[in-house]
Every structure is written in structure tokens, then in C-alpha cells.
Amino acid sequence: MQISLKRALIVGGVAVVVLTGGYVLWGRADSMPQAIAAHAPHTQGRTDVAPVPSKQHRAAARTGPQPPNPQVFRRVGPKAYEIAGNRERRPPGDALEYMRVMKQRSDAGDADASYLMELTVRECRNLIKHDPVASFDFLRNAGMTPDPASLVNDERRLGECASLVAAPAFYHGAWLARAASQGSIEAKLLYAADPENVIGPPSEWLANPESLVRWRESAMRHLHDAAATGSLDAVSHLSSAYDKGRITAYDGVNAYAYALAAAKANPAHMPARSLQELQAKLSPAQREAARERATQVYADCCIADQ
């Protein structure tokens with residue numbers, strides 16, 4: 001087989017930056033990245049304080065974006081919805097040309113187009129990082145039978161990425177932050193789960209702590225805004241954020257309250273064991289405060305506006 005396109009890109013000097021990066025998308029709040037725990041300093045807070053989202057957060061329930069296409073989101077109540085599927089892959093063709101078309105829509109304020117641009121860049125980075133030929137050989141050497149058609153398809157898509165990788169303005173654009181600011185629910189969730197995409201690798205966080213503070217503030221704002229539109233994924237992520245103390249100060253009352261609200265809307269979002277663990281951290285008075293807070297959270301996220 002001819003030399004892989006990944007190797008050709010590396011020789012050309014256009015893939016060096018990509019090889020140092022990586023990303024993960026977590027669809028559930030209880031799978032927040034361990035990298036955050038290892039590198040982001042924990043904050044301390046009181047468990048008897050349950051701050052209420054700002055008026056802007058609650059107003060998002062009326063003025064914020066509605067759930068995107070039904071191929072990705074599924075309604076689970078009069079207002080609440082959750083991620084239920086995967087987006088279709090970028091259509092065949094040159095990735096840079098696709099990005100240029102999407103950018104016209106993005107510049108006009110289309111959050112979905114901005115998010116699709118982010119996904120396109122991530123796909124190309126992933127293809128370069130995980131060389132299709134090397135992956136194929138690994139599976140074959142391990143005694144498995146990889147699908148040759150899959151290898152051909154991945155090699156084709158990798159070739160389509162060459163022009164994009166060579167266009168820094170597109171390849172390194174802050175498309176995730178733009179999509180989140182424009183109102184993409186998927187982007188808001190990913191923004192809060194992937195600080196490396198926004199502020200760089202953890203090795204740089206101590207040298208630039210202000211950027212970490214700004215990311216945390218923006219991440220919490222995006223999660224609250226998404227929750228206000230009915231996103232149960234955002235509600236679950238908020239429970240995790242308050243419980244882990246990585247994005248915001250630890251707040252056991254809010255952690256349990258958001259978990260209760262998510263479970264009421266759809267028990268699949270918060271297993272009984274998780275609820276028990278959160279409850280066990282609280283005093284009887286705090287548990288009662290959390291239940292009262294959960295009533296308001298549920299009303300804000302999951303009950304249709306009158």
C-alpha cells in the first residue's frame with residue numbers, strides 16, 4: 001500500500017500541532033473528563049448556599065434557542081429535551097470548501113453552521129492523530145478482521161482534510177466558542193466539557209490562570225443558559241459541576257437539587273445510586289433545602305412557559 005496521507009502531511013509540516021492535541025465529548029454529566037480533575041485546581045465552597053441562576057438564565061427559557069433538529073435531540077416532556085442521536089457526517093468533498101460554505105452561514109449568525117465547522121475540524125484532527133493505515137494494521141496484527149472499506153473511506157476523508165489543515169485561519173478558528181455564544185446547545189455542552197479546546201492544554205493553565213477563570217465563568221453561563229431552554233444534559237452537567245467543584249465552587253445543595261430535577265424529568269439522566277451518593281453528603285436541613293431548590297430548577301428547565 002502507498003504511504004499513508006498522514007505521513008505525507010507530517011512530512012509537509014502541516015500536522016505538527018494536531019499531533020499534540022485531543023478531545024472528548026461527554027454526553028453524560030457523570031463522565032466529566034479526568035484531565036480536569038488532575039490539572040484544574042479544586043475550589044472550596046459552602047454546601048448550605050444555593051445560588052439562584054440570574055434573570056438572564058431564566059429569561060433564556062423564553063428567548064433562548066429551541067432544540068435543534070430531531071435527529072439529534074428528543075423531547076422528553078412539554079419543554080425538556082435530551083441528546084438522542086448523532087449528527088450526520090460531513091458530506092464527501094474538500095473539507096476547506098465545506099468550511100467556506102459553512103462560514104458564510106456562521107458569519108450570518110447561524111449557530112448550527114458554526115458547530116458543524118467545529119466538528120469538521122475535530123474530524124480532521126482525529127483522522128490525522130489516529131492514522132487509518134496504522135489502525136488497520138493494528139487490528140489485523142491483533143488477529144481481528146478490519147473492514148477494508150472503512151480504511152478506504154477514512155483515507156479518502158483524510159485526503160479531503162489536507163487543504164483545511166493548510167489553512168490556519170479555518171483550522172485553528174475558535175468555532176466552538178462562537179457556536180456556543182451563538183446559541184448552539186451542543187456547543188454549550190461541549191464547551192463546558194472540553195477546556196483544552198478553549199484555553200489550551202493543561203500544561204499551560206498555571207501559566208495563564210486568568211484564561212482558566214474566564215473559561216469556568218463562560219462554561220457555567222453556557223450550562224445555565226442551555227438548562228433554561230430545557231436541556232436535561234445541561235441540568236445533569238450542572239449537578240456534576242457543583243458536585244465535583246472543578247468548574248465552579250463545590251455546592252452540595254445545588255448538586256443534589258439539579259440531580260433531583262434531572263431525575264424527575266427522566267430517571268435515565270440520574271441513576272438512583274448517584275442520587276443516594278449526593279444525598280449522603282448533606283445534612284437533613286441541606287437535603288430539605290435541595291428539594292426546595294429542585295422544585296425551582298425543574299420549573300425553570302422542564303415546565304413549558306405559560
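Visitor: What share of the contacts in the chain with a separation of 6 or more comes from residues 24 or more positions apart?
Guide: Keep in mind that this is a predicted model. The chain has 17 helices and two strands. Count its contacts with a separation of 6 or more, and the part from residues 24 or more positions apart is 70%.

Visitor: Is Leu238 buried or exposed?
Guide: Look for Leu238 in helix H14, which spans residues 232–244. Its relative accessible area is 0%, and buried means under 20%. So Leu238 is buried.

Visitor: Which residues is Leu238 in contact with, leaving aside its neighbours within four places in sequence?
Guide: Start with Tyr258, 20 residues along the chain from Leu238, where the C-alpha atoms are separated by 6.7 Å. Heavy atoms within 4.5 Å make a contact. With the sequence neighbours set aside, the contacts of Leu238 are Met220, Leu223, His224, Ala227 and Tyr258.

Visitor: How many residues apart are Cys124 and Cys161, which a disulfide joins?
Guide: The S to S distance for this pair is 2.1 Å. Cys124 sits in helix H5, while Cys161 lies in the loop between helix H7 and helix H8. That links distant parts of the chain, and the two cysteines are 37 residues apart.

Visitor: What is the pairing of the bonded cysteines, numbered in sequence order?
Guide: The structure holds two disulfides. One of them joins Cys124 to Cys161, and another joins Cys301 to Cys302, with S to S at 2.3 Å. Numbered in sequence order, the pairing is 1-2, 3-4.

Technical notes:
Residues are numbered from 1 along each chain as its sequence is written. This is a predicted model: local features need pLDDT of at least 70, side-chain atom pairs count only at pLDDT 80 or more; totals for chains, interfaces and linings use all residues. Side-chain values use heavy atoms; hydrogens and water are left out. Helices (H or I, at least four residues) and strands (E, at least two) are DSSP runs, numbered from the N terminus. Buried means under 20% relative accessible area, exposed over 50%, partly exposed in between (1.4 Å probe, protein chains only). A disulfide is a pair of cysteine sulfur atoms within 2.5 Å.
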